Amino acid sequence: MIAEFDSASVQDEAARAKSLETFGLADLVGSAELTRITDFASTLCATSIALVSIVESQRQWFPARTGLPVGETPRETSFCAHAMRGTDIMIVPDATQDPRFVDNPLVTGEPHIRFYAGAPLVSDDGVQLGALCVIDREPRAGLTAVQREGLFVLAANVMALLTARRASRRTDRELDEREAKFRILADAMPQMVWSTHPDGFHDYYNARWYEFTGMPHGSTDGEAWNGMFHPEDQPHAWSVWRKSLETGEPYEIEYRLRRADGEYRWTLGRALPIRDRSGVITRWFGACTDIHDQKMIQAQKEIVAHELSHRIKNIFAVISGLISFSTRQHPQMKPFADDLRERILALGRAHDFVRPHSEASRPSAVQDSLVGMLGALMEAYGGRVAILGDDATIDDRSATPLALLFHELATNAAKYGSLSSADGKVQIVIASNDDRVEIEWIERGGPPVSAPAHDGFGTRLIELSAIKQLGGRIERDWPAQGLRLRLAVPETALHR
C-alpha cells in the first residue's frame, strides 16, 4: 500500500515551503559538493544508490544522486518523507516486509527498493528538508556502527553546506535591500552623491549627478570625474583628493563644476571614509552641493561691505581734515584739536583692522584678534610696546572702545609716562580666565610718576570705554617706576 501521512506530524506545509525557499535549493541541482557526499555515502554503506532528497508538498527531488537515473519522484511514494520526521537514522531492512512500503511503486517497480537507511536533514531552526539516504536492491539487516556514524556525519555536512548557503543568501538579500534603500534615498537627495573604492576609483553616482552634469551613466567612473571641473580647479582638486586617499583625512574642497548647459557652478565637495573594525578604509562616500548662488550673494555682500568700510574710512579722514581746518582759524584750540584728531585716527586704525578686506588689503594678523588690533595701534611706538600672554577674540563692536582706551593710555605714556623717555617701555599682558579677559598695562623706565590730583578728560574717556561700553572693571596703581592698570572685561563683551 502507499504510505499515509499524518498531517499533524509534519510541519505546516505552507510554513515549511516558505522556509525551504530561503535555502535557494533549486540552484543546487547537480551540485558537485553534494554529489561527492552521495558518492562517498554509497561507497561507505556499500549500497547501489545514495541520494540527497528534498521533500516538498507534492514531490521529492534529488539535488545530488548516485546510482539513480531519475531526478524526482512523487511525495506520496517517498521513504525520506518518513525519515525526516525523526531524529535518528530510519532503517528499513526489507521494504517488502514493511506494511508502510509493501505496495509502494518504488518497491514493486523500479528501482525495486528493498533496503533503505535515511538520516534526517533538519535545520538548526527546525525546518525539515528531507534526508540523506542509501538504498539497495537487496534486503539487509542494517548498518554497521561505522556506517551509521558516517551517515550521520555526512548528513551534518549536507546541512552545514545548506545552512551556509542560506546565511549567504540572507546576507546577499539584506545587502541588496540596503543598497536599494540607499539608492532610493540618494536619488531623492538634492545633493550629488557618489562613492569610490578605497583607492579612489569612482563607481557610483546618484541620479542627481547625471541630471546636473548631463553626462551618460558610467561616463565619469574612475578618474573621469576630474574632467568635469573647471580647468583652473582641476590640479588643486586632484591634489586635495589624493592627499585624502593617502592620509584618510576627510575630503573638502570648493570648485567649479560644469553643468549640463556648459555653465560652471561653484560646488562644495565633501567625502568621508568608511572603515572596517580594524580601521581599514573600505569605501569613500561623498556629496557635491551646488553653492553657486550663496557664493555670488557672499561676493556681493563683500563688495558692499568693502565699499561701506571704505566710505567710513573716508569719513574719519574728512573729520580729521575738518579739525585741522578749524584750528587754522582758532590757533588756541590746536592742542585740544590735535588730541581729538589723534583719537579719531586711532578709531580709524581700529576700524580698518576689523573691517571686511579683500585678499590684497587684509592685514597679516587675524582680524578678530585682540593681539593683532593692539599691535596695529601700537605700531607707531617702534617696538617699545610688548604684547604678551593670551589672545582673545574681538569684533567690530568692541574694537572701538578698546582702541580709544589703549590709544589714550599710549598717548599719556608718550607725554608723561614711560614712553616719554628714550629707555622707557610698556608691557601689555593678556590673560583669559574662565569667562573674562584680564589685560594689564605696565609702564617701566620712565620718569617717576604719582597719582594725579584729579581726573582729566583722558581718564574719564578710559572709564567710559572700559566700564560703560564694555561692562568692565578698572584698577590703577601708581608706583614710582610707572603706571600699572588692570582691566577686566567679560568675554561676552568682546565678541557677539
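Mentor: Happy to! Let's begin at S195, which stands opposite Y204 in β8. Keep in mind that this is a predicted model. The strands here are β7, covering residues 192–196, and β8, covering residues 202–205; they run antiparallel to each other and are paired through 3 bridges. Between the two strands of this hairpin lie 5 residues, and among them G200 is worth a click, as its phi is positive, near 95°.

Now move to helix α5, which spans residues 145–188 and holds R166. Is R166 buried or exposed? Its relative accessibility is 4%, and because anything under 20% is classed as buried, R166 is buried. If you set aside the neighbours within four places in sequence, R166 touches T22 and F23, and also S123, D124, D125 and V127.

For another spot, go to D477 in strand β15, which takes in residues 473–477. D477 has a relative accessible area of 33%, so it counts as partly exposed, lying between the 20% and 50% limits. Beyond its neighbours within four places in sequence, D477 is in contact with G482, L483, R484 and R486. With R486 there is a further detail to look at: the side chains of D477 and R486 are joined by a polar contact of 2.8 Å.

Notes:
Residues are numbered from 1 along each chain as its sequence is written. This is a predicted model: local features need pLDDT of at least 70, side-chain atom pairs count only at pLDDT 80 or more; totals for chains, interfaces and linings use all residues. Side-chain values use heavy atoms; hydrogens and water are left out. Helices (H or I, at least four residues) and strands (E, at least two) are DSSP runs, numbered from the N terminus. Buried means under 20% relative accessible area, exposed over 50%, partly exposed in between (1.4 Å probe, protein chains only). Contact means heavy atoms within 4.5 Å. A polar contact is a pair of N or O atoms within 3.5 Å; within protein, one must be able to donate a hydrogen and the other to accept it, and residues adjacent in sequence count only if both atoms are side-chain atoms. Two strands pair if DSSP finds at least two bridges between them.
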